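I opened this model to take notes on it. My entries follow in the order in which I looked things up.

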Amino acid sequence: MPETAQYILWTAFYILIFPGALFTSVVGLFLAGVDRKVIAHMQRRIGPPIRQPMYDFFKLLGKETIIPHAANKFVFLAAPVIGFVSLAIIMLFIPIFGFTAVSGSADLIVILYLITIGGVALIVGGSASGSPYAGIGVSREMVTMMSYELPFVLVLLAVARKVGGSTLVFSMEQISQWQVENGHMLFQWSMIPAAIAFLLIIPAEVGMQPFDVAEAETEICEGPLIEYSGAPLAVFKLNTAMKMIIMTGLFTSLFLGQFRTGYYWADALLFVAICTVLTILCMTTVHAVTARLKIEHLFKFYWTIVTGLALSSLILVWLGL
Amino acid sequence: MFRKLMSKSAMKSPWLYHINSGSCNGCDIELVACLTPRYDAERFGFKLAGTPRHADIVVVSGPITSQSKDRLVRTLAQVPEPKCVVSIGSCPRSGNVFKGSYSIEGPLEKYVHVDVSVAGCTPKPEAIMEGLYQAAQILKKKREVMGK
């Protein structure tokens, strides 16, 4: 059956190479490098080269992996891999303008769950390491997740309702198609608060500076990652970098989905360019001008200001504006 | 090729872990000065790690007081291979002005092999940068030996 073989080959290509594992890792590490370079320039430093996160990744692969005596060996080693797999799969559901690898009727819900698995992997790995510092980090990571999940769901509901009209549409392809017909979601005035809320969620999801309470390295020694070394740590660092492209990519396809160049490669290049701009806008700049929050301030910030923004957008959309 | 990439990366991204074993804080300030915009050690990939498990280069300052000796040895044992030990200042080399004191159990050489030793009381940030850069090169050699 040549058709079945072809289907399997294409699926493998999608998962392993183009929107999946390889593309997401390389672009994620590139974005992490841009972030470090730009923040260095903001602080009047020269900064590391843009490929620095790749050096970090390969160096960590070449290091010895120490498994602490108190750790649950299997869970300790499996957690980063589970996170990596779920994050690599998310990218299949996010349309890169004209190109969608996998499309279904409830993509947004799948994305929501898979992003949560990325965070849960950190929690599980941290708890398995058996360090008290990791325990503190894990509890903080859980609070962080609770804080941003609520406004995140509200933003996605607002988008789904806006596209669906009187029903909810969770299909990324339909959202993309709707934007081709009606213009960027960002320029619908009722969606502007939701877009701002989404931009504020991105740094918490990725774990960047003002919201990196869970991995506070000066305070609780990198929290859940404290006992990790070598290859598992490399995969965790890669997961963080992949979250950068996934979150900015999700924003791009939800709110700036009108662009079409007609060529898949040009679409992908434009996609990466927009993601880079978004990274600098909502992660690097915020990182450069703020200090780390306390966990209760983070929780309060997300459940008042950000949830308020997302909710106002949802109400406006529900009223048909 | 993969091994070559890993040993090149070992040189390009050394993460530091700083242990103060009873230092007067002078060397610690100079080490921090290396990371500030003026000297910017991050352009070579140096980064301060939060835990010894993430470290490649362990930077030790201070004359190894008897209070800090056990903790120093235990922390050094937690660093994964390949690793380098860099001593900063005259204290870990000789004990400096504290030499002969009942509470000093230096020099550092007694407990661990020191790869690079930066002398001075306190060494200038330029000297520390030079020492750290040499340590990064030693790290590359160690990684190459490990690969074989």
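**Entry 1: a threonine in chain A**

I started at Thr240(A), which counts as buried because it has 21 C-beta neighbours inside 10 Å. The cut-offs I use are these: a residue is buried if 20 or more other C-beta atoms lie within 10 Å of its own, exposed if 12 or fewer, and partly exposed in between, with C-beta atoms placed from the backbone. Thr240(A) sits in helix H10 (residues 231-255) of chain A. Helices (H or I, at least four residues) and strands (E, at least two) are DSSP runs, numbered from the N terminus.

I then looked up what Thr240(A) touches. Not counting residues up to four places away in sequence, Thr240(A) touches Val206(A) and Gly207(A). Contact means that the C-beta atoms of two residues, placed from the backbone, lie within 7 Å. Tyr228(A) is 12 residues from Thr240(A) along the chain, and their C-alpha atoms are separated by 15 Å.

**Entry 2: ground rules**

I note that this is a predicted model, in which local features need pLDDT of at least 70, side-chain atom pairs count only at pLDDT 80 or more, and totals for chains, interfaces and linings use all residues. Residues are numbered from 1 along each chain as its sequence is written, while chains are lettered from A and ligands numbered from 1 in the order in which they are written.

**Entry 3: two helices in chain A**

Next I checked helix H2 (residues 21-42) of chain A against helix H3 (residues 52-61) of chain A. Their axes come within 7 Å and cross at roughly 120°. That makes H2(A) oblique to H3(A). Axes are lines fitted to C-alpha atoms, for helices over the stretch in contact, and angles run from 0 to 180 degrees between N-to-C directions. Angles under 35 degrees count as roughly parallel, over 145 as roughly antiparallel, 65 to 115 as roughly perpendicular and the rest as oblique.

Which residues of H2(A) and H3(A) meet? From H2(A) I listed Leu29(A), Ala32(A), Gly33(A) and Arg36(A); from H3(A), Gln52(A), Pro53(A), Met54(A) and Phe57(A). The residues of this contact divide into 5 nonpolar, 2 polar and 1 charged. Ala, Val, Leu, Ile, Met, Phe, Trp, Tyr, Cys and Pro count as nonpolar, Asp, Glu, Lys and Arg as charged, and the others, Gly among them, as polar.

The loop between H2 and H3 of chain A holds Arg44(A). Arg44(A) has a positive phi of about 55° although it is not a glycine. With 10 C-beta neighbours inside 10 Å, Arg44(A) counts as exposed.

**Entry 4: chain B and its sheet**

I moved to chain B, which has 5 helices and 5 strands. Along the sequence the pattern is α-β-α-β-β-α-β-α-β-α. Of its 148 residues, 47% count as buried.

Two strands pair if DSSP finds at least two bridges between them. I found 5 bridges between strand E1 (residues 15-20) and strand E3 (residues 57-61) of chain B. The bridge partner of His18(B) in E3(B) is Val59(B).

Is Glu30(B) buried or exposed? Glu30(B) is buried, with 22 other C-beta atoms within 10 Å. Its place is in helix H2 (residues 26-35) of chain B. Leaving aside neighbours within four places in sequence, Glu30(B) contacts Thr122(B), Pro123(B), Pro125(B) and Ile128(B).

A cis peptide bond joins Cys121(B) and Thr122(B), with omega about -5°. Glu81(B) and Pro82(B) are also joined by a cis peptide bond, with omega about -10°.

**Entry 5: where the chains meet**

Last, I looked at the interface. 18 residues of chain B are in contact with 27 residues of chain A. Helix H1 (residues 2-12) of chain B gives the largest share of chain B's side, 5 residues. By class, that side has 5 nonpolar, 6 polar and 7 charged residues.
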